[in-house]
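Hello,

Here is the structure I said I would pass on. My notes follow below it.

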Amino acid sequence: MSSTIGASLRCCVFGQSHSEAIGCVIEGFPAGFKPDFDKLRAFMARRAPGHAAWSTPRKEADEFRVLAGLNPDGVTCGAPIACVIENTNTRSQDYDQLRRIPRPGHADFTAQLRYGGHQDVAGGGHFSGRLTAPLCFAGGLCAQLLAARGVTIGAHLAEVASIADKPLPSWDGTRASQERLAEVLASVSRKPFPTIDDEAGRAMQRAIEDARMSLDSVGGIIGCAVTGFEAGVGSPMFDGIENLLARALFGIPAVKGLSFGDGFEAARSRGSLNNDSYGLIDGACTPLSNHAGGILGGISTGAPLTFSVAIKPTASIGREQASVDLEAGCPQSLIIKGRHDPCIAPRAVPVVEAVTALVCLDALITWPPTHL
């Protein structure tokens, strides 16, 4: 299996859901940067389980320890940064039967095929969303460095259970429109529930609670944007910004779809409407709209990078479901035990931001833009 993403900036994630600890090693992080670990803890708390009604009851502090990569002053020294996060609240007995009776919607069956029964089934093992905690550590560091360079990343719950949030502010090529977008994203990051419209957020939470009470789950759509990202970063063909983001974002468990800019709506449009015209803004050639999502030919245009991520409903639900007893070779009903989110999407918002930060910083290091 591959647990590493990145070219010049590489992040390797290790551990399992119920192993003694999980963590990551980050190679290629620039030297001379002093992380704000209080801000990093606040960022990771947005993902941490057990802190809201719409989250799993499993509580983990997600307190990290940095083992290497910093000098005595707490500044990155150019060596690989190593981080560990202890798992402190596990109930592995809840998963004993899953090697024999796979859960619908989970990777239990495919893991059995791939690893021949040697996989760690507790909590989903290395297929678990628990491994997004070290991703948030790594991506949170990258987001801080990007912010120091004028690049901001933010996301919101665009939709849950067919309830839509307000759309992100549109782009018209001006600095004012970029600042409006950055301000909205920053305000969402400070909220306990990540929507622009608080009333929409309350309606989403009611729908999540309804799903939980009926022993079911719901999915959602996350909208993400990157502002201040320079034009000219990326590469055509297989190393484009879209390609790199897609590969990394699909590493987040439960991601089932991804679209950039107008996405599938572009297929229903016309070229005269979908093309982003150019104009001169502060003397620079700039797209005056952003149907393309800030990327053309795999290379950034200077407009915000915008994309949407589809998150499937939580596979672990309390209803009886049909499965198969792999040992006996007969049909077997299954009721899933354990502690699970009735909706994964709210906690996935900072994970999408973190993965995006990893990809963006790696791209800026790998392909520094050459200005005309």
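Helix α6, residues 241-249, lies across strands β9 and β14 (305-311). The direction of α6 makes an angle of about 165° with that of β9. Helix α8 (residues 345-366) also packs on the sheet, where it touches β6, β8 and β14. Between the directions of α8 and β6 the angle is about 145°. Please keep in mind that this is a predicted model.

Now the sheet itself. Strands of a sheet pair through backbone hydrogen bonds, and the pairing can be parallel or antiparallel. Here five strands form an open sheet in the order β7-β6-β8-β14-β9, and the pairing is antiparallel. At the edges are β7 (163-164) and β9 (255-260), each of which pairs on one side only. Inside that order, β6 (residues 152-160) and β8 (residues 220-227) are joined by eight bridges in the antiparallel sense. Glu159 has Ile221 of β8 opposite it.

There is also a pair of helices to look at. Two packed helices are described by the angle between their axes and the distance between the axes. For α1 (residues 37-45) and α3 (residues 132-148), the angle is about 135° and the axes are 9 Å apart. α1 is therefore oblique to α3. The crossing of α1 past α3 is right-handed.

Which residues make the contact? From α1 they are Phe37, Lys39, Leu40, Phe43 and Met44, and from α3 they are Ala133, Cys136, Phe137, Gly140, Leu141 and Gln144. Of the residues in this contact of α1 with α3, eight are nonpolar, two are polar and one is charged.

Regards

How values were computed:
Residues are numbered from 1 along each chain as its sequence is written. This is a predicted model: local features need pLDDT of at least 70, side-chain atom pairs count only at pLDDT 80 or more; totals for chains, interfaces and linings use all residues. Side-chain values use heavy atoms; hydrogens and water are left out. Two strands pair if DSSP finds at least two bridges between them. Helices (H or I, at least four residues) and strands (E, at least two) are DSSP runs, numbered from the N terminus. Contact means heavy atoms within 4.5 Å. Axes are lines fitted to C-alpha atoms, for helices over the stretch in contact, and angles run from 0 to 180 degrees between N-to-C directions. Angles under 35 degrees count as roughly parallel, over 145 as roughly antiparallel, 65 to 115 as roughly perpendicular and the rest as oblique. A crossing is left-handed if the near helix is turned anticlockwise from the far one by less than a right angle, and right-handed if clockwise. Ala, Val, Leu, Ile, Met, Phe, Trp, Tyr, Cys and Pro count as nonpolar, Asp, Glu, Lys and Arg as charged, and the others, Gly among them, as polar.
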